[in-house]
Amino acid sequence: EEDLPTVFAFESPAGKMWDINATLPLNGDVFLGIYRFGNREAWETLIETDYGSGPDGQPRIRPFIPTEDGTYYITLWYDDWDTEYETYDFELTISPSTLLSIPNNSPITGKITNETGNAQYAYSGKAGDKIVVTMTRLSDEGVLSLVMYSVEDEVITFTGRNASSGRFEVELPLDGVYQFMIYNADYDEFSTLEYEILVESVQK
């Protein structure tokens with residue numbers, strides 16, 4: 001029902017990568033959240049959120065990587081703002097992640113449209129590793145934007161309104177899998193962003 005989140009629980013070991021995808025009506029606001037309870041302050045219980053990064057603005061968290069063994073809770077919420085107390089159909093899928101990994105020293109190209117949603121990649125590294133991340137816009141349209149996440153926080157946040165490329169030198173803070181999210185920050189939702197991403201390992 002509108003205004004009431006639907007809640008699910010699932011068990012997962014630490015470190016396993018999951019893809020969580022939902023399908024909701026297209027004419028409203030959507031929210032997908034993951035919670036972890038236990039000995040946590042209230043503000044620490046919400047650990048992952050998404051407001052529509054998937055195809056056609058559908059909610060998606062990809063990948064979700066639990067940091068502890070145990071029970072995790074998923075909330076799914078929808079509101080079209082024009083009605084009250086309506087019911088709606090939804091679909092939620094939780095599956096082992098199929099996220100493509102970025103290799104060192106080999107560029108990956110791709111295309112982002114409203115139909116594809118944001119592009120996402122995984123990268124495995126160890127604390128203290130030094131890498132250089134280079135992003136290049138290959139299309140005439142689109143706004144290049146990149147966020148790189150560790151399991152704890154953002155490592156890179158970049159939006160280049162008029163930039164055709166960006167280069168970042170990073171020392172990885174943690175062992176584990178990092179997530180790269182590339183998105184088109186153009187005000188024109190129908191524009192297409194073509195891009196190239198390259199991760200190079202820096203020898204110590």
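1. Phe31 is buried, with a relative accessible area of 12%, whereas Tyr51 counts as exposed at 60% relative accessibility; buried here means under 20% relative accessible area, exposed over 50% and partly exposed in between, with a 1.4 Å probe and protein chains only. The model is predicted, so that local features need pLDDT of at least 70 and side-chain atom pairs count only at pLDDT 80 or more, while totals for chains, interfaces and linings use all residues. Residues are numbered from 1 along each chain as its sequence is written, and side-chain values use heavy atoms, with hydrogens and water left out.

2. The rings of Phe10 and Phe64 have centres 6.3 Å apart and planes at 70 degrees, which makes the pair edge-to-face; rings of Phe, Tyr and Trp (its six-membered ring) pair if their centres lie within 6.5 Å, with planes under 30 degrees apart counted as stacked, over 60 as edge-to-face and the rest as tilted. By this rule the count comes to 13 aromatic pairs. Because Phe10 lies in strand β1 (residues 6-12) and Phe64 in strand β5 (residues 60-64), the pair ties together parts that are 54 residues apart in sequence; strands are DSSP runs (E, at least two residues), numbered from the N terminus. Phe10 is buried at 12% relative accessible area, and Phe64 is buried at 2%.

3. Phe31 and Tyr51 form a tilted aromatic pair, 5.2 Å centre to centre with 55 degrees between the planes. This pair links distant parts of the chain, with Phe31 in strand β3 (residues 29-35) and Tyr51 in the loop between β4 (46-50) and β5, 20 residues apart. Elsewhere, Phe8, Tyr78, Tyr88 and Phe90 form one aromatic cluster.

4. Lys16 lies over the face of Trp18, at 5.0 Å from the ring centre, and Arg161 lies over the face of Tyr187, at 4.3 Å from the ring centre; a charge sits over a ring if NZ of Lys or CZ of Arg is within 6 Å of the ring centre and within 35 degrees of the ring normal.

5. The largest nonpolar core has 24 residues, and those with the most contacts inside it are Tyr121, Val133, Phe180, Ile182, Tyr195 and Ile197; such a core is a set of buried Ala, Val, Leu, Ile, Met, Phe, Trp, Tyr and Cys residues joined through side-chain atoms within 4.5 Å. The largest share of this core, four residues, comes from β15. Leaving aside neighbours within four places in sequence, Ile182 is in contact (heavy atoms within 4.5 Å) with residues including Ile112, Tyr121, Met135, Leu146, Tyr195 and Ile197. A second, separate core of 15 residues includes Ile20, Ile61, Tyr72 and Leu76.

6. Four strands form an open antiparallel sheet in the order β1-β6-β3-β4, where two strands pair if DSSP finds at least two bridges between them. The edge strands β1 and β4 each pair on one side only. Within this sheet, β3 and strand β6 (residues 70-79) pair in the antiparallel sense over seven bridges, and Gly33 has Thr75 in β6 as its bridge partner.

7. Another four strands form an open antiparallel sheet in the order β9-β14-β11-β12. Here β9 and β12 stand at the edges with a single partner strand each, so one side of each is left without a neighbour in the sheet. Six bridges join the antiparallel strands β11 and β14, and Leu144 stands opposite Asn184 in β14.
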